Amino acid sequence: MALGQSTFIAPVLNVSRRSLLMGLGAGLVLATPLSRPADAAEQKAVKKYGGDAMPHGVVDDPHIFIVLAADGSVTVICNRSEMGQGVRTSLPMIVADELNADWARVKVAQAPGDEERYGNEDTDGSRSLRHHFLAMRRCGAAMRMMLEEAAATQWGVPVTEVAAVHHEIVHRASGRKLSFGALAEAASKLPTPAHDKLQFKDPAKFQYIGKADIALIDGVGITTGSANYGIDTRLPGMLYAVIARPPVYGGVVKSFDASETLKVPGVVKVVSIEPTPIPSEFQPLGGIGIIAKNTWAAIKGREKLKIVWDDGPNATYASDTFRKTLETAARQPGKVVRKDGDVYAALPKAAKRVSAEYYIPHLAQAPMEAPAATVQIKDGHCEVWACVQSPQATHDRIAKRLGSAVKDVTVNVTLLGGGFGRKSKPDYAVEAALLSQAMAGTPVKLTWTREDDIQHSYYHTVSVEHIEAGLDASGKPVAWLHRTVAPTIISIFKPDPKHEAPFELGMGAVNNPFLIPNFQVENPAAAAHTRIGWFRSVSNIPHAFAILSFAAELAAAAGRDPKDYLLELIGPPRKIVPEALADMWNYNENPKLYPFDTGRLRAVIEKVADESGWGRSLPKGHGLGIAGLHSFASYTAAVVEVAVGDKGQMTIPRVDIAIDCGPIVNPERIRSQLEGAVIQGISLATLGEITFRNGRAEQSNFDGYQLTRIDAAPKVIKTHILPMKDYDQPLGGVGEPGVPPVAPALLNAVFAATGKRIRQLPLGSQLASG
């Protein structure tokens, strides 16, 4: 096979399925997969965990993920979406290290949505490295061994005498060398080594993994503005669109008049989009689409539309009255989801009882790049360019809605200007496909404005958390009752579910590690009245806020130091099998590999306390607060210092945050994820709130739904990564675990500074109110 010029000519590319296959044809190609597919009976008999349990599982074939060109360049195909977390850098780092490649000659290309080829592509749940670290090591090691074997054969020497060294294969005895590019064709004809034959690199010799000096591979494009996000897509002859959507979830258009819209210069067509009945899943809400020669004309045309809406069953949804409904439910016994001992017998006997309720409002993900998608339907084939976290879901939903064969839809994943869970739901790509279909296949780019995004999001759920505890004479808790009440994410998939799903309850509620003999968690019913979706760290936000605030309240009631009291609640180091606590979910990880290790939780709390100078003298009006938890298979803890003035004005001089995420791949990305998590955690703790009245979100832009600005950000953020050098140990998540400890640590700090306990998010003006 003659090797041609690689089609991958830029450092960072987004490629279509067709060009990607062309690239593979020009590089190292082999058809034998590493994994032997299990037969149906075997798959049914063995419970799967981790990446293997995800749709389409994990693929580790080097011929799928690595393209070695004749010029020696190595292109790694990234099957995850890049939204600022650096996955397009971290995954290639792993391959390059095992391959002993020169990082300067490594490129990355984005995989299109095709899970049968690339394995699971859902970029959520802090799973990318957790599920693909070993797979990428296998890819790199296998290709290195194939190159070494090809060189040994060419030289007529034992393969044990050759080795890959910095992008070359070297014969140690003679000093002869062959470049990777020179061996690509010969290596492509060799069988891929089986799993049990793979020779992994000694982690002590890693060049890139665990090192702090690897720059973001997309960094130059992002910082210079040359990177292409979903909203940047341009196609010849393209039209532009916005949509007027039902202002209330479940609403429909009764009638509309587009006569004035069609008079707006540039407006081309007005299209009615069929609504999706509740539960709407990832399908469009319906409404009226305005297609124009530019986005501004489409927006102005939408302003001229006259629409009469039928607001449907959620027309009266209002946040203030719904909060009372949740509070009423939280004060009554609910569905028991964990039961240890007899909490109702123990509470009346306690020397002291403490109770509190915590309220967390709806939140919007509000990524800086609002949802956007471009679709062209040509010769029966639908091609999509979109900033999506789930290209396969995008692929499938478009095919379903258009009535197309799945093979006739291609999804090209662009860079994402933030996601935070919003872009896991590809409703906007389906909308773009419907509009292109309405224009006989002409490419159409649909843009969600900021107002569209904030008023029609898949919101983080609203929650009331009611906790009661009984203390003995020494202040030690003997009983703990936690009632968590929140509309469930399942409500977008099934009609009217009333209880949180196991995966939501498993985010800190039922798997609370506190050592208390009488412990009960209940989940009273709550209905959903708007679209509920994932928000970075999901149900850990309300659960952590309530549990870790209440732990500090108990410490105050017992007259104890909050850090010491929290460690006593957690108890001595031990490994908890999650099933023993009633949590059957465990982030879908094998409990034998991923037990709840309270020793690691204690360690991050002690680390962040030490690093922050816990217990140090502080100026008047300053306070420290602490919180720590287990989430997404990692352990995080934060100490926040606040300074509160006489009129309630608050600043944040410093935040310390620590993480134990297992083996470290890219420390720079871990630090940046933690820093971002601190800012987002402060945002939701101090400002974030979506409220509803008459079924409508009352906020519409960043004036009403505010995010933390630079002047309110912490003056100093210090990150602390607990070292783990055993790369045989499982990895934890990084993207989400930094968010949950921030709000409770912040509000515990406010209590330390002022003596005022804040139990309602956001903080807002509660300090100023006296």
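User: What relative accessibility does Asp320 have?
Analyst: In this predicted model, local features need pLDDT of at least 70, side-chain atom pairs count only at pLDDT 80 or more, and totals for chains, interfaces and linings use all residues. Residues are numbered from 1 along each chain as its sequence is written, and side-chain values use heavy atoms, leaving out hydrogens and water. Buried means under 20% relative accessible area, exposed over 50%, and partly exposed in between (1.4 Å probe, protein chains only). Asp320 counts as partly exposed because its relative accessibility is 39%.

User: How many residues apart in sequence are the parts that Arg693 and Asp320 tie together?
Analyst: Arg693 forms a salt bridge with Asp320, that is, a side-chain nitrogen of Lys or Arg within 4 Å of a carboxyl oxygen of Asp or Glu. Helices (H or I, at least four residues) and strands (E, at least two) are DSSP runs, numbered from the N terminus. Arg693 lies in strand S27 and Asp320 in helix H10, so the parts that the pair ties together are apart in sequence by 373 residues.

User: Okay, and Arg245 forms a salt bridge with which residue?
Analyst: Look in the loop between strands S8 and S9 for Arg245, and in helix H13 for its partner. The closest N and O atoms are 2.9 Å apart, and the partner is Glu431.

User: Which strands stand at the edges of the open sheet?
Analyst: The order is S13-S21-S20-S19-S14, with mixed pairing; two strands pair if DSSP finds at least two bridges between them. One side is left without a neighbour in the sheet for each edge strand, because each has a single partner: these are S13 and S14.
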